[in-house]
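Me: I'd like a close look at how the pieces of this model pack against one another. Please start with the overall layout and keep it as one connected story.

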Amino acid sequence: MTRELVPRVAAFVAAAPEMDAAGRAAVAPVAERLAGVEGRLLVATCHRVELYLDERRPLGREAELALERSGARRVRGREAAARLIELTVGLHSAVLAEDQLIHQVRTAAAGARRAGTLGPDLDRLVDMALRAGRTGRSWRPSDG
């Protein structure tokens, strides 16, 4: 019998169309304040503020409450991992396999790697998400 692996990641998500721009603007400073710790990745764009974290390095109850009070929705495990992969592929965008989202995730991960805040589990998850994004992009019909 094979044991199912559950990713030890979580995410706090504030994204359009579920949340309007004013709501995302309220979540952004809270997420930014919490992002600079090992095991964290912040993907913030004009349409989303998503803070991913290694659940072995929890935020702490006060920080979780601050994010939840600001309106961010928490997802955990497979749902959080799938969210980052789907985001990078472009499934949470108006344009499937949008180049800009792949670039934004890559840029956020590069910044977290330079700062030493990504952590090994999120690092592997980001690599998988970027690989999926590149694969999705390769299937996109040419614009010509």
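Reply:
**Packing, from layout to details**

From one end of the sequence to the other, the protein runs β-α-β-β-α-β-α-α-α. That's five helices and four strands, taken as DSSP runs numbered from the N terminus (H or I of at least four residues for helices, E of at least two for strands). Before you zoom in: this is a predicted model, so local features need pLDDT of at least 70 and side-chain atom pairs count only at pLDDT 80 or more, while totals for chains, interfaces and linings use all residues. Residues are numbered from 1 along each chain as its sequence is written, and side-chain values use heavy atoms, with hydrogens and water left out.

Of the protein's 144 residues, 45% are buried, meaning under 20% relative accessible area, with exposed over 50% and partly exposed in between (1.4 Å probe, protein chains only). Among contacts (heavy atoms within 4.5 Å) with a separation of 6 or more, 67% link residues 24 or more positions apart.

Now the middle of it. The largest nonpolar core has 24 residues, and L41, V43, Y52, L84, L87, L122 and V126 are the ones touching the most other members. A core here is a set of buried Ala, Val, Leu, Ile, Met, Phe, Trp, Tyr and Cys joined through side-chain atoms within 4.5 Å. Strand 1 (9–15), strand 2 (40–45), helix 3 (77–89), helix 4 (99–115) and helix 5 (120–138) each put in at least two residues, and helix 4 contributes the most, with six.

Turn to the helix pairs, starting with helix 3. The axes of helix 3 and helix 4 are 7 Å apart, at an angle of about 130 degrees, which makes helix 3 oblique to helix 4. (Axes are fitted to C-alpha atoms over the stretch in contact, with angles from 0 to 180 degrees between N-to-C directions; under 35 is roughly parallel, over 145 roughly antiparallel, 65 to 115 roughly perpendicular, and the rest oblique.) L84, L87 and T88 of helix 3 meet L101, I102 and V105 of helix 4. By class that's five nonpolar residues, one polar and no charged, where nonpolar is Ala, Val, Leu, Ile, Met, Phe, Trp, Tyr, Cys and Pro, charged is Asp, Glu, Lys and Arg, and the others, Gly among them, are polar.

Helix 3 also packs on helix 5: those axes come within 8 Å and cross at roughly 35 degrees. On the helix 3 side you'll find A81, L84, I85, T88 and V89, and they meet L125, V126, A129, L130, A132 and G133 of helix 5. The tally for this contact is nine nonpolar, two polar and no charged residues.

The other pair is helix 1 (residues 21–34) with helix 2 (residues 61–70), whose axes come within 9 Å and cross at roughly 165 degrees. That makes helix 1 roughly antiparallel to helix 2. Helix 1 makes the contact through G23, A26, V27, V30, A31, R33 and L34, and helix 2 through A63, A66, L67 and S70. Sorted by class, you get eight nonpolar, two polar and one charged.

Last stop, the loop between strand 1 and helix 1, where A16 and P17 both sit. Most peptide bonds are trans. The one joining A16 and P17 is cis, with omega about 5 degrees. A16 counts as partly exposed because its relative accessible area is 26%. Not counting residues up to four places away in sequence, A16 touches R24 and H47.

Setting aside neighbours within four places in sequence, H47 contacts A14, A15, A16 and R24. H47 and A21 are 26 residues apart in sequence, yet 7.5 Å apart in space, C-alpha to C-alpha.
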